[in-house]
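Subject: Structure for your review

Dear colleague,

Please find below the structure I promised to hand over. My notes on what was found in it follow directly after.

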Amino acid sequence: ANVKIVQEFLDETKERISNGATITFTKKSQDELTLLNIDHDITIEDIEAAIFYLTPSNYYRGIDPSKSADFNVCAFYTEIGLERIGIYLKYGLEVKGLQILIFSNHPPKYPMDQPFKD
């Protein structure tokens with residue numbers, strides 16, 4: 001059941017991106033992206049592509065089951081860029097709108113469990 005919830009979250013993400021929804025970076029995530037760009041030549045396009053190609057196997061944690069938040073939020077571990085840098089990628093889908101908001105996109109400080117990884 002949990003894999004299904006994560007897959008629905010990812011399907012909704014892909015649908016929004018395909019329909020031109022704006023991906024917005026918080027100040028914190030924009031600062032993290034700047035460091036990724038300086039250190040590893042990672043761009044906004046790399047982050048957007050990484051989001052589009054996420055699968056449940058990339059899932060780390062998230063989605064508030066209470067459905068009382070303004071955003072459904074999940075965190076993932078994925079590798080991006082030519083160097084295949086591993087990043088912690090946390091973003092949310094606006095519940096009553098189309099916005100996709102990036103909260104974090106940085107190399108993880110600790111190993112990340114991926115409960116649905118094969």
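In helix H2, the residues Ser29, Glu32, Leu33 and Leu36 are buried. Please bear in mind throughout that this is a predicted model. In general terms, an α-helix has 3.6 residues a turn, so residues three or four places apart point the same way. The other side of H2 carries Lys27, Leu35 and Ile38, which are exposed.

The buried residues of H2 pack against strand E1 (23-25), helix H3, strand E4 (85-94) and strand E5 (100-106). As to its length, H2 comprises 14 residues (27-40), which should span 20 Å at 1.5 Å a residue; the C-alpha atoms at its ends are 19 Å apart, in agreement with that expectation.

Glu32 has a relative accessible area of 13%, and because the cut-off for buried is under 20%, Glu32 counts as buried. Setting aside neighbours within four places in sequence, Glu32 is in contact with Phe103, Ser104, Asn105 and His106.

Helix H1 can be described in like manner. H1 has 17 residues and reaches 24 Å from its first C-alpha to its last, close to the 24 Å expected at 1.5 Å a residue. Its buried residues are Val6, Phe9, Leu10, Thr13 and Arg16. Viewed down the axis of H1, they fall within an arc of 120 degrees, so they line one face of the helix. The face turned away from this buried side bears the exposed residues Lys4 and Ser18. The partners against which the buried residues of H1 pack are H3, strand E2 (59-62), strand E3, E4 and E5. After H1 comes Gly20, with a positive phi near 85 degrees.

How do H1 and H3 pack, in terms of angle and axis distance? Helix H1 (residues 2-18) and helix H3 (residues 44-52) pack at an angle of about 135 degrees, and their axes are 9 Å apart. That angle makes H1 oblique to H3. On the H1 side, Thr13, Lys14, Ile17 and Ser18 take part, and they meet Glu48, Ile51 and Phe52 in H3. Sorted by class, this contact has three nonpolar, two polar and two charged residues.

Most residues other than glycine have a negative phi. Asp41, although not a glycine, has a positive phi of about 60 degrees. Asp41 follows H2 and is placed in the loop between H2 and H3. With a relative accessible area of 56%, Asp41 is exposed. Arg84 is likewise not a glycine, and its phi is positive, at about 55 degrees. Arg84 is found in the loop between E3 and E4 and counts as partly exposed, at 47% relative accessibility.

Glu83 is also placed in the loop between E3 (71-80) and E4. Glu83 and Asp41 are 42 residues apart in sequence and 9.1 Å apart in space, C-alpha to C-alpha. Not counting residues up to four places away in sequence, Glu83 touches Asp39 and His40.

With kind regards

Key. Residues numbered from 1 in each chain as written. Predicted model: local features only at pLDDT ≥ 70, side-chain atom pairs only at ≥ 80, totals over all residues. Heavy atoms only, no water. Axes fitted to C-alpha atoms, helices over the stretch in contact; angles between N-to-C directions. Helix = DSSP H or I, 4+ residues; strand = E, 2+ residues; numbered from the N terminus. Parallel < 35°, antiparallel > 145°, perpendicular 65-115°, else oblique. Contact = heavy atoms within 4.5 Å. Nonpolar A, V, L, I, M, F, W, Y, C, P; charged D, E, K, R; others polar. Expected span 1.5 Å × (residues − 1). Buried < 20%, exposed > 50% of the residue type's maximum accessible area, 1.4 Å probe, protein only. Arc of directions from axis to C-beta.
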